[in-house]
Structure formats: C-alpha cells, structure tokens
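Welcome! Take a look at the sequence and the structure below, then try the exercises that follow.

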Amino acid sequence: MSAEFVAAGTLTELEDKGRLVVRGAHRPILVVKDGSHVHAFDNRCPHMGFPLDRGSVEDGILTCHWHHARFDLASGCTFDLWADDVPTCPVEIRGEEVWVKPEFGHKDPAVYWARRLENAMAHNLGLGIAKAVRSQLAAGVAPLEIVHQAAVFGAKHLDRWGTGMTIMTALGNVLEILPEQEVFLALFHGITRVAADCDDATPHRRSAALASRPDRQMLKRWLRRWAAVRHDDAAERTVLTAISAGARPAALADLLLTAETDRVFADGGHSLDFINKAFECLDLIGWQHAEELLPLIVGQMVAARGADESTEWRQPVDLVALCESAAVDLPALFASGREAAARARGPWPNHAELAEALLADDPNAIIAALKTAISEGATVADLGRALCYAAALRIARFGTANEHGDWETAHHVFTYCNAVHQGLKRISADPELLATGVEPARALFHGAMAIYLARYLNVPPARLPDEGDDQLRDLPSTVQNIRTALLDAFDRQHRVEDVARLVARHLTLGHSPDSIIVGLAHALLREDAGFHAYQMFEAGLRQFREWDDPEPRRHILIAVARYLAAHSPTERASLQTAEIAARLSRGDQLHEDS
Ligand code: FES
C-alpha cells in the first residue's frame, strides 16, 4: 500500500455522518459515499472556494451551496461550466477503513488548463479564463504560448479583427517588461476581450488562394482595385494568394499598406492600426498563422471610409489634394535622400526639430518640412519617429479645457502615427522594398495632416512640467515614494497634471525609466481600461524606446501618463475577478467561513 495515503475514517463513520472531511498539511478533502462507491474531492468548490462539505448530495450529484454549481460525484466534472470541474483524489478501502491520497490536479496541468482556457473562451467566462491563465502560468507555460492559444481561438471564431485581438496583441507586446502579477493581469485582460468579441461573432467564412502565382506587382494592383470597389472576397483571395506564394512579412506589409493608404486616414486611423496589430500578433505567435489571421483584417480595410470623404480634410484647405500632390514626388525625394545619406557622415539627426515643424499651423509648411527631411536623407523610420513624437506632444500638451471626448481624437492620431511608423519600418527592413516600394510612405503625409487637424487640442497648450520655472521640488524623490504618489493620483479623477509632474520628477532625478513604466503598467492593468488606454500605453512604450534623448522620452511618457490619468479610476471589476482566480490558485480561503 502507498505510504502517501492518509486515513480518512471508517466506513461506519462515513455512513453515520454522510461525509467526512480530512484535514492535514494538504488541502481539506471531502469524502462522500454514494451507494457502494466512495468518492474524494478537493473540499473547495472550484468556482469560488466554498466548502463543498456544506453542500448536498442527491442522485449522484454534489451541489455547492454558495452559487449552486453541480458536480458529477463519480468524476468531479461540473454541469455548470462557469464553475469548473472539482479535482478528485484517489480512494482505497482497506477493510473497514477509508484511505485517501491527498493528490490534486491533473496528469498534465498545462494540457488540461489549455483545454479549459479554450472552453472558458468559448463560453465567454471571465473567471474561467482567469483561472485557466493563472493555472497555466503556475504550470510553467510561457506567457506567449497562452497568447498563441487565444489568438488561434480568435482566428477560428471571429468574423473580423477587432478591439479584443488588438488589446491582446498590444499587451502581448509589453509582457517582457511586466512583473509576474502584471503578466497574469495583462493576459487576462487581453484574452477576456478576445472572448467577448468571439461571443458576438459569426466565424469568418474562409476562402482560398488562387491556383495561379501572379507576381508581386500584379497582386498589388489587384488588391488596390478590389479595395477601391470594396470587393472583399476578391481582396481576401488576393491576400491569401500572396501568402500561399510565400510572400515575406515585409512584402505582405507592403501589399496591404499600399492598398490601405489609397484611402487617407481610413476609419479615423483604426483600419491601418488594426492591420499593423495583426502583423504584430503574427510576430508574437508565428507567421505560419498568416492564412488564419490576415483574412480578418481584409474586410474592414476594404469597407473603411477614407478621410477624403470628410469635410474637415477638404475645407478650408484640401489636405487630401495636398497629400496626393506630395506623394507624387516621393520616389524622387527618396532617391535624393539616398544620395544625401551616402554623402553624410552619420545617420540623419533632426528628429526633434522635424517633430516641432510638424506641429506648425500651416499644412503647406508641414508637407514641405517632411519633403525636405526626405531629400536630406531621413529614412521612413526617422520620419515615423518624428511623426510619432509630434503626435505624442499633442497629448502631452492636451488642454484640459477641451471636452473629455477630445482625448480620443489626440489618441487616434498618435496610435495611427505609431502604426504607420511600425508598418514602414517593417517594409523598409527588406532592401528590395526599400528601394522600390514607396507607396505606403504616403501615410506619413496623412499622419502629419491628422496632427495638423488636431492642433485645436493644444489651444491653449497645457504646460509641460519641464517648461517654465516648476522645479518639482514639492514632489517626493525616492522611487518608491514617487510610485506611491503616482498610484495615489491614479486613484482619483482628473489628476492629469499630477501624474505628468510625477513622471517628470522621476525621470529628471535620473531614476530608471523601467520602474516608472512598470508603475504606469500597474495603473493601467488594475483598471477596467478602455480599448484606447491599452493602445496608448503600448504605442507610448514603443515610441519611448525609439529615443535616446531624455527630453522626447520624458514627453512621451508624460503623454501616456496624462491619457491614462484622464481615464482613471474605474470600477476595477476585472481586477476583482483576477484576484479571485489568484487566491483560488494559491489555495487561499475565499469564503469567510471556509
Ligand atoms: S458555486 Fe461553489 S463557490 Fe460558487
């Protein structure tokens, strides 16, 4: 007999009392007799930990007396999917004695909890998702493997790419900088949003690649044609054909962003942003999933409405015409720029100056500044960086006299510019495309005009903490005290200027940026944040990392902090669900009497 078994009592005791609870160093074990069979379970209800010995047994079913989840006595499997299965323990009857083995869990917890995650996503069960994520992490599953599982689920069940996949990808991109507890929260937030989107969706009807193998230029012409006439089936087959012909990620980005930028700032920037996020999701889970994921973005790219259909882009100045005219010059400008770069001693250096020029009040001057930078040797990556800094300054200087909803205008411009920057960097990583494929670079003009149109948000401009004579000396100075003050500010509404000053204080004192970034991540992940807040944090972090100079880095983080503070605090209901899962996973008591 195994020494690991422990005595639970006698059969007579079990008959008399109806149930036994075995306590020890292990979790309490419930022993129940049903007819001639004896069963043993973890005594904590898998839903929220209520003691199951206070439940009732009838007709082979154990019912928990908190939220009335019901379990099959023979297997521990639940009839109520939100509750999860209750772990069982081995039982041995030795003569009159009942012995149980205090061994819980599953033969392969990683496999079991991956299956549970799929099931919880299929039923859109927040607590179930939290438990499955938490348990997979406890079983040693890599966080990105969990993102992979959820992304594949989303690809299978969604009709189109949506906010859930965008949030999950944005959070997947920042996992590496997060402490363990925040990794769990990030995965939980992202995956619950994917599951919620799937809950309402009819799975996408898949089509197949063409049997032929047209060359890259023909595929590009076709995709532009299908996008122009909004023929989504044809567009999808064209993209699938490119994938099946083995197009590299850079070539797929060039293909999609060329068609996408035939419309200006489509769907307020979301369309291009979603395409970029689908690429980034593939970076996280592997480009072998391109055939599953990329069709999800084609439909909305084809359906998106360009800013060319909006009055503000046409009057009093026809900004669309201005962009189109500038785009004609792009091949020659980039050719001159390559020659200038070859003559120069080092990389093009004027990013911050260009960013300030992009904040001008004259759209012609803005376009001219971009064209000059290109001809002087600025790469698309340089231009994208300057563009994003200008867009971040709109948020850093967002005047709080604006309507609250105007934060979203500033945010859209920033995340659009970030998507343009990332997309162009992806394309330009391919030397062949760098030399020949300049069409998507039109998006730089589109982003610049979106920044120009958002100039009213800085009238009057909010003063940056490092402008004027504010020495910030009234603020704490240690890392811990600044973090405490920061989180305290996020606990209250409209502390936009307080958080900006604290971020500036932290950075100007020379503390590691990592600690304030982690503080901002915590402030975000404890909230029931909106879609834009996740985008803002991730795009801000990406842009922060683009710079070595302290001033732009400081301004970008101030922009992130101000946006987050304008949208905090919230109910924090998701945090409560996540904490329940964490406490269950640790074996903590949840019910006050348990
Ligand atoms: S049903 Fe058992 S704790 Fe909720």
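Some ground rules come before the exercises. Residues are numbered from 1 along each chain as its sequence is written. The model is predicted, so local features need pLDDT of at least 70 and side-chain atom pairs count only at pLDDT 80 or more, while totals for chains, interfaces and linings use all residues.

**Exercise 1.** Find how many helices and strands the chain has.

*Solution.* Helices (H or I, at least four residues) and strands (E, at least two) are DSSP runs, numbered from the N terminus. Counting them gives 26 helices and 10 strands.

**Exercise 2.** Check the length of helix 18 (residues 406–428), then say how covered it is.

*Solution.* Start with the expected span, 1.5 Å times one less than the number of residues. For the 23 residues of helix 18 this gives 33 Å, and the end C-alpha atoms are 33 Å apart, so the two agree. Next, call a residue buried if 20 or more other C-beta atoms, placed from the backbone, lie within 10 Å of its own.

**Exercise 3.** Work out where the buried residues of helix 2 (residues 109–122) sit around its axis.

*Solution.* First list them: Trp113, Ala114, Arg116, Leu117, Ala120 and Met121. They cover an arc (taken from the directions from the helix axis to the C-beta atoms) of only 160°, which puts them on the same side of helix 2. An α-helix has 3.6 residues a turn, so residues three or four places apart point the same way.

Notes. A residue is buried if 20 or more other C-beta atoms lie within 10 Å of its own, exposed if 12 or fewer, and partly exposed in between; C-beta atoms are placed from the backbone.
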